Amino acid sequence: SQLEKGGYPHFMLKEIYEQPNTIFDCIRGRVVNNATEIKLSGVIDHSDRFINARRIIIVACGTSWHAALIGQRLLQDIARIPTSVEYASEFRYSNPVLTSDDIVIAISQSGETADTLAAIKLARENGAFVYGVCNVVGSSIARETDTGTYIHVGPEIGVASTKAFTGQVTVLAMLALAVAQLRGTISQEKLSEFSRSIEQLPSLIKETLKLNDAIEKLSSTYTYVRNFLYLGRGYNYPSALEGALKLKEISYIHAEGYPAAEMKHGPIALIDREMPTVVIAPSDELHEKIISNIQQVKARGGSVIAIVTRGDTTIPEIADHTLEIPPVPEALSPIIVSIPLQLLAYHIAVMKGCNVDMPRNLAKSVTVE
Ligand code: G6P
């Protein structure tokens, strides 16, 4: 009802705007002691499992699988544990080799996705330690895992996941730090610096939400295109996949996410005036490289919507539209970047007259195979 939407026209927009609060709730009581320590009870209670872990496998579906890809980088970068990501639906039938030194992390907003549930049952039968990252308290996956961390972002009603995704990535960042702390792969100084950045996420999200009007305006230019390309590198390659999925799910525009440098091995053949490209290009290690990817798109007549870090003077000169986000460490940037991507998908879908909260053929949770 209108009342439940809190004055917003759709649950999706309400949930997008809730993110400063949901991320605050997600980190509350977990970034502690003046940001010198990360406290996750699931890690503390099973510290030997994390100290002895030889590898981590993350299983998930849909948007949660995109969060898993970011989690993989975080765990590898910060906790230095070899980590892989599997679609739960593939993992469950892949005859995996598992031992008691393996940790399987299951990510699921609903905690009810049939494939993810089957994947964790298989993992436990094979002796792995299973850690859940769920939103719904007391859900099947939360109950079937050995332990875990709730994302605590409140009920998500819109079928297209928004606040759950940012909550999942935030939990994975805290998990990587908590494990790094245990295994001694991070200095106290770096840990504190990172933790302070996590504490700043709610205010950075709030600031980023101010892009809404600019995004609404530019969306009218792209309402009737048939195809979209999303490019990103490093931590933001999964952001490109998630941005494309969001658009696909609610606007029915075909969209493809790609690692920017792989564009030349295929998608570049499709670029023309009719196919816009969203380039996620915050100022990071690979910034120079992504600028040349933008030039490659422009040289073929494609239009570019670029997401850049405030203060970037190069990209606004070449892109058709530029959306500025505040500076944020690269490893946390997918959380901030997802705000303009969610808003872009939302406004295009609304302009097309689509039912954004209940897109055709999709379900909020897929409890059958
Ligand atoms: C469905 C939903 C997606 C979600 C996916 C996984 O496809 O429409 O938004 O990402 O299931 O759901 P889960 O609850 O396991 O995160």
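**View 1. Strand β6 is mostly covered, with 6 of its 6 residues buried.** Here a residue counts as buried if 20 or more other C-beta atoms lie within 10 Å of its own, as exposed if 12 or fewer do, and as partly exposed in between, with C-beta atoms placed from the backbone. Keep in mind that this is a predicted model: local features need pLDDT of at least 70, side-chain atom pairs count only at pLDDT 80 or more, and totals for chains, interfaces and linings use all residues. Residues are numbered from 1 along each chain as its sequence is written. Strands (E, at least two residues) and helices (H or I, at least four) are DSSP runs, numbered from the N terminus. F129, Y131 and V133 point one way from β6, while V130, G132 and C134 point the other way, and all are buried. In a regular strand, side chains alternate between the two faces of the sheet. One of the pairs to look for is I107 with its bridge partner V133 in β6.

**View 2. Step back and you get an open sheet of 5 strands, in the order β4-β3-β5-β6-β7, with parallel pairing.** β4 (83-87) and β7 (147-150) stand at the edges with a single partner strand each, so one side of each has no neighbour in the sheet. From one strand to the next, the twist averages 20 degrees. Two strands are said to pair if DSSP finds at least two bridges between them; β3 (residues 55-60) and β4 have 5, in the parallel sense. Look for I56 opposite T83 in β4.

**View 3. Helix α7 (residues 114-125) packs on the sheet, touching β3, β5 (102-108) and β6 (129-134).** Touching means a contact, with C-beta atoms, placed from the backbone, within 7 Å. The direction of α7 makes about 165 degrees with that of β5. Angles run from 0 to 180 degrees between N-to-C directions, and axes are lines fitted to C-alpha atoms, for helices over the stretch in contact. Helix α9 (residues 163-183) lies across β5, β6 and β7, running at about 140 degrees to β6.

**View 4. Helices α12 (residues 237-251) and α15 have axes that come within 9 Å and cross at roughly 20 degrees.** That makes α12 roughly parallel to α15, since angles under 35 degrees count as roughly parallel, over 145 as roughly antiparallel, 65 to 115 as roughly perpendicular and the rest as oblique. Residues that meet here include E242, L247 and I250 in α12 and V337, L341 and I348 in α15.

**View 5. Helices α2 (residues 19-27) and α10 (residues 188-208) pack at about 170 degrees, with their axes 8 Å apart.** So α2 is roughly antiparallel to α10. Among the residues that meet are I23, F24 and I27 from α2, and I198, L201 and I205 from α10.

**View 6. P329 sits in the loop between β12 (321-325) and α15 (333-351).** P329 is partly exposed, with 16 other C-beta atoms within 10 Å. Leaving out residues up to four places away in sequence, P329 touches F194 and S197.

**View 7. Helix α5 (residues 62-79) is mostly covered, with 15 of its 18 residues buried.**

Definitions and conventions:
Contact = placed C-beta atoms within 7 Å.
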